[in-house]
Amino acid sequence: MSSHPSVAIIGGGPAGLLAAQHLAEAGHRVSVYEAQATVGRKFLVAGHGGFNLTHSEPLPAFGQRYGVQAEQFAIYLALFGPAQLRAWAADLGVETFVGSSGRIFPTADYKPAQLLRAWLARLAELGVAIKTRHRWLGFAPEPTGLRLRDEQTGREFTICPPAAVLALGGASWAKTGSDGGWTAALTAIGVRTTPFAPANCGAEVAWGVFFQEKVGRAPLKNIALSCEGHTVRGELLLTDYGVEGTPVYALTPALRAALGQQVPATLWLNLKPDLTPEQLRQKLLKPRGSKSWGAFLQQTLHLGPPIPTLLREVAPPEASATPEALAQLLQHLPLSVRGLRPLDEAISTAGGVAWEELDEHLMLRRRPGTFVAGEMLDWEAPTGGYLLQGCFSTGAWVAKAITRQL
Ligand SMILES: Cc1cc2nc3c(=O)[nH]c(=O)nc-3n(C[C@H](O)[C@H](O)[C@H](O)COP(=O)(O)OP(=O)(O)OC[C@H]3O[C@@H](n4cnc5c(N)ncnc54)[C@H](O)[C@@H]3O)c2cc1C
C-alpha cells in the first residue's frame, strides 16, 4: 500500500479540481488522480466552443434548467452559484463578462489554457498533488480502498483515504478521457447507474441525396423549433446528416422521449416565429409578378436559398400551392428525425450514477466516505453555461460535506 492522502480526488475535470481546491483551502491534504497525461482536457474543449462558464439568469430560473433535478441543484447553486463562479475566476486573475444572451464568458483577453494554467498554479500553491497517468481501477476490499494503476510503470496499488471524490465525467468525447468506463466499477459494488444517452447533440434527418448535395450546411437564423410542446428560439444549422444548433440541443430531452415512443419523431420548424399566421398570409398575398417562388420568398420574407429546397424536401407540392397553405407550412415545417447523433459527439451525457444511490451529501450509500460530483451524476441541462456550473456546484458541495465529515 502506498501513501494515504487525507482526500483523494479521482478525475481531474472541473468538478474534481474545484473539490480539490476547496478541500485544500479548508486545510486538507489532497491528491488528484487523473488517467490522462494532463488534467482538464474536456474543460479546454469547452473553451474552444466559446468557453461559456455560466449564465447570468437569476437563481430560481437557473435551477429550473436542471429539469427533474431542479430542487437538488437549487441547493448546490445556493452554495456555489454563478456569482461565486465569477468571483473564483476573478480570484485567478480572469475577468468575466455577461454576453448579450445572458451567458457569461471570460473576457477576450483570456484563453481557456490561461485560466487552466492559473488554476493549476493555485492548486500547486495550496499543496494539491496532481498525479496524472494514474487510472482508477475500482474499489478495493478495504472499507475505503481504491485501486489505482500508474499508467507509466504499470504498477497497481491501493490507497485508503478517509474520504474520496469520484469526478470521472460523462461518456462523450472519449478522447478527452471521459469515456464512461467507470460504470463497471460501480456496478460491481451494486451501485445502480442510469444508462448513458447523448444530451445537447444534433439530430439525424434522412435528407434525400439531392437535398444533401444542394444544401450541404446552411444556417437558418431566428427560427423557433418545437418538440412535444416545448419550443426554443435560436439558430438552426442544416447539415448533410440532419440538424444541429442550440434549439436542437435544448430539445434533446423532449426528442429523446419522443424517439422512445416512435421513430421517426417530429421536430416542428417555424421559419417566421415573429409573424402571426395572418401577417404571414398577408405578405404572401402580395403580387408575385414574374418572380420565382424562391426570389419572392427572399424579397418578401428574407428567406434565403435553402428554403425552397427545404420546402420541397419535407412537404408535397400542394402544401405550398396557395398563399394560405404556404403560410401554414412556413410556420409548421415537419422535420422527420430518425435518431440522435452518437453519444461520443454529444456536448454532454444524460444518465450516470442514480440519485437514490446517494445521500444528501452526494455520498454513495453503499460506500461511506466516497462522494460523487460533476457529470457522472444522473442529470442533464442545456448549453448556456449550465453544464460547467453544475459541475462546479456539485464539486463545491462534496468538498463542503467532506470538510464537515472529517
Ligand atoms: C465540445 C464541448 C463543448 C462544451 N462547451 C461547454 C460550455 O461552453 N459551457 C459549459 O458549461 N459546458 C460545456 N461543455 C461541457 C463541460 O465541458 C463538461 O460538462 C465538464 O467538463 C464535465 O466536468 P467533469 O469534471 O464532471 O468531467 P470531465 O471534465 O469529463 O473530467 C473527468 C476526468 O476524469 C478522468 N477520468 C475518467 N476515467 C478515469 C479513471 N478511471 N481514472 C482516473 N481518471 C479518469 C478523465 O480523463 C477526465 O479528465 C462542453 C463539452 C464539450 C464536449
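**Close-up views of a predicted model**

**View 1. Lys272 in its loop.** Lys272 is found in the loop that runs between strand β16 (265-270) and helix α11 (277-284), where helices (H or I, at least four residues) and strands (E, at least two) are DSSP runs numbered from the N terminus. This is a predicted model, in which local features need pLDDT of at least 70 and side-chain atom pairs count only at pLDDT 80 or more, while totals for chains, interfaces and linings use all residues. Residues are numbered from 1 along each chain as its sequence is written, and side-chain values use heavy atoms, with hydrogens and water left out. Lys272 is buried yet has no salt bridge, and the nearest side chain of opposite charge, that of Asp274, is 7.1 Å away. Here buried means under 20% relative accessible area, exposed over 50% and partly exposed in between (1.4 Å probe, protein chains only); a salt bridge is a side-chain nitrogen of Lys or Arg within 4 Å of a carboxyl oxygen of Asp or Glu; and Lys and Arg count as positive, Asp and Glu as negative, with His and the chain ends not counted. Not counting residues up to four places away in sequence, Lys272 touches Leu280, Leu301, Leu303, Leu330 and Gln331 (contact means heavy atoms within 4.5 Å).

**View 2. The surroundings of Ser178.** Ser178 has its place in the loop between β10 (163-166) and α7 (183-188), and it is buried, with a relative accessible area of 9%. With its neighbours within four places in sequence left aside, Ser178 is in contact with Lys42, Leu168, Gly170, Ala171, Ser172 and Trp173.

**View 3. Phe392 and its ring partners.** The structure holds 20 aromatic pairs, a pair being rings of Phe, Tyr and Trp (its six-membered ring) whose centres lie within 6.5 Å, with planes under 30 degrees apart counted as stacked, over 60 as edge-to-face and the rest as tilted. The rings of Phe43 and Phe392 have centres 6.4 Å apart and planes at 75°, so this pair is edge-to-face. Because Phe43 lies in helix α2 (residues 41-48) and Phe392 in helix α15 (residues 386-405), the pair ties together parts that are 349 residues apart in sequence. The rings of Trp88 and Phe392, with centres 5.0 Å apart and planes at 55°, form a tilted pair. Trp88 is buried, with a relative accessible area of 6%, and Phe392 is buried, with a value of 0%.

**View 4. An aromatic cluster.** Phe62, Tyr66, Phe73, Tyr76, Trp355, Trp379, Tyr386 and Trp397 form one aromatic cluster.
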